[in-house]
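Please view the sequence and the model together while reading.

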Amino acid sequence: MKKVDKNKLGELMQAVLDAGKELIAPVRQGDHTAYARIKKPGDAALDILLTRMPLKEFFLPKTECLLKYTNLEGGGVEVSDPDPLNQERVVFGARPCDASSLPIMDKVFTWDYNDSLYLARRDKTTIVSIACESPAASCRCESVGISPSAKDGSDVLLTPIGDAYTVDAVTEKGEKLVALWGSKLSDASDADAAKAAAFKPALPGHQTDTASLRGKLKAKFETPAWAEQTMKCVGCGACAYLCPTCHCFDIVDEKSGCGGERRRNWDACAFSTFTLHGSGHNPRAEQQHRYRQRVMHKFDYYPEKFGPVACVGCGRCLSACPVGMDIFEIIEKVTADE
Amino acid sequence: MNNANQNIYKPYILRVVETKDETPDVRTLRLKFDNEEEGRAFTFKAGQFAEYSVFGEGECTFCIASSPTRPDFIECSFKLVGKVTAALRDCEVGAVIGFRGPYGNYFPLDMMKGKNLLFVGGGIGLAPLRSLFWNVLDTRADFKDVSILYGARTVSDLVYKDELKEWESRSDVKAVFTVDPGGETPDWTGKVGFVPAVLEQMAPSKENTIVITCGPPIMIKFTVQALEKMGFAPENIVTTLENRMKCGLGKCGRCNIGSVYVCKDGPVFTYDQIKKMPDEF
Ligand code: SF4
Ligand code: FES
């Protein structure tokens, strides 16, 4: 294992830029915070615990071209793929929860059909995560079996040990990046490694034992508690847009001149039109049905197909919801004995 | 599984070679692959669906309404409900259509061999049944008795009118057609009555019989009730479900009923499977 001084992280980021790779890091944009492409290490705001926007848009952009088409003279149409992504990218300073969302989305985007656009972005990107020293009250990672120092989805994990971080290459991609950093890193001692292994900050917020509660959800599909608990949801979709694992999308065409694009845009099960049939019938007619879908998809349907739950406990949905919906509290309430 | 570099959203290019107005608001398009080689390599099974698109307007989901036993073309039938179907309706012979598919599962044809088949359809719900029906007729010796009960609200709402006549005239098919009370015309020679009621009059035997049904939800509901009353087992009643879809690939997260993805686990289900789904139709 390697280590690096806390005040040397800028050098690691500079090395990424010098190697011609794109650098993505948490940044402040006025009152807003997000992961963004940066041109100099000084623009990174690694002190932000959790950016308002999750990492997902670098893999599933808010809007992206699926294909281009050109109307040909004489009535034909020529269809072409969007421009391929050739640029190698490094995300520096992801949080373990955001990194954990990637293997969760991978399962969807490789389920029987490989989604080449998503997979190209995954392939070109190396994720460097930093374990969280002071988790916030809204952090719920331990509610879903993740921790402030979880490695899943990260290629390199930096774990705080006093004035330094241990540098742990988790994957082959991570090893390549560590090799690129070379002498900027020093060898970690056994004592450093032991400190990193013991790193376990306490989470200040209430944690919900979703591992044992989620098994009860299926049987509670019809409980009146859904209506009671979700009455105040206004269906704005903020929770889905800010969720690192929500991946639902719409496909729409946009014309321009003698051609256009077919595009994929984020969508959300919170919207009343999401499942609306052409006939006017809607299988999820009320907001309670749509919120139930949100919970069931993450904690019952997804795990049934793929294993883990589709929630990383980042808590963004709790912080951003305009009416204070708390998905964990709702899981506790709807699974409670009547 | 597709190669990881291959764009799964890129459609085949098909051309309209024939159009037909089935009813005032249902149209059928007959389509051929622009690239003949792609057309020859393309295969599908009765019951599967596809995403059809007009470039610049968007994609729409329908079943493949033609039979795999007639591979020279693909047909789809659709009702005019919105922007994309309006654009598709305006596609005349020679127009270009994007086509992604085939997607989803299909009717269990192997399991149907050597059995009596009873098709029960309503309205435009005949489209998926028609794919299987022609498949069965084109391999008729594999099956025992083949019957079809088809109904619509009015005479003008019946789809595939020429084919209905052909089926009626065949000696190896028992065909019964009906329209809802009040929907008949003076020269209508078929039945007058709702599909489930006519089904009860027909009193089909449940012995060695598979029922394949598709139609408006209310018709399916009462048809299944009638069948169960006559002793048909839920696992011998097969239907195809519709839901709002976008990707057809299990990715866009739109088509699920409980944990069942209609686009991947369906659209064909036995009534036994449907009974186990949560009530979210
Ligand atoms: S739970 Fe909150 S954030 Fe999510 S859709 Fe409802 S009101 Fe919007
Ligand atoms: S249609 Fe997109 S997931 Fe089924």
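Is A:Tyr113 buried, partly exposed or exposed? With a relative accessible area of 22%, A:Tyr113 is partly exposed (buried means under 20% relative accessible area, exposed over 50%, partly exposed in between, with a 1.4 Å probe and protein chains only). This is a predicted model, in which local features need pLDDT of at least 70, side-chain atom pairs count only at pLDDT 80 or more, and totals for chains, interfaces and linings use all residues. Residues are numbered from 1 along each chain as its sequence is written, chains are lettered from A and ligands numbered from 1 in the order in which they are written, and side-chain values use heavy atoms, without hydrogens and water.

**Aromatic pairs**

- Over all chains, the structure holds 25 aromatic pairs (rings of Phe, Tyr and Trp, its six-membered ring, with centres within 6.5 Å; planes under 30 degrees apart count as stacked, over 60 as edge-to-face and the rest as tilted).
- The ring centres of A:Tyr113 and B:Tyr103 lie 5.9 Å apart with planes at 90°, so this pair is edge-to-face.
- B:Tyr103 is buried, at a relative accessible area of 6%.

**Charges over rings**

- The charged end of A:Lys56 sits over the ring of A:Trp266, 4.5 Å from its centre (NZ of Lys or CZ of Arg within 6 Å of the ring centre and within 35 degrees of the ring normal).
- The charged end of B:Lys264 sits over the ring of A:Trp111, at 4.0 Å from its centre.
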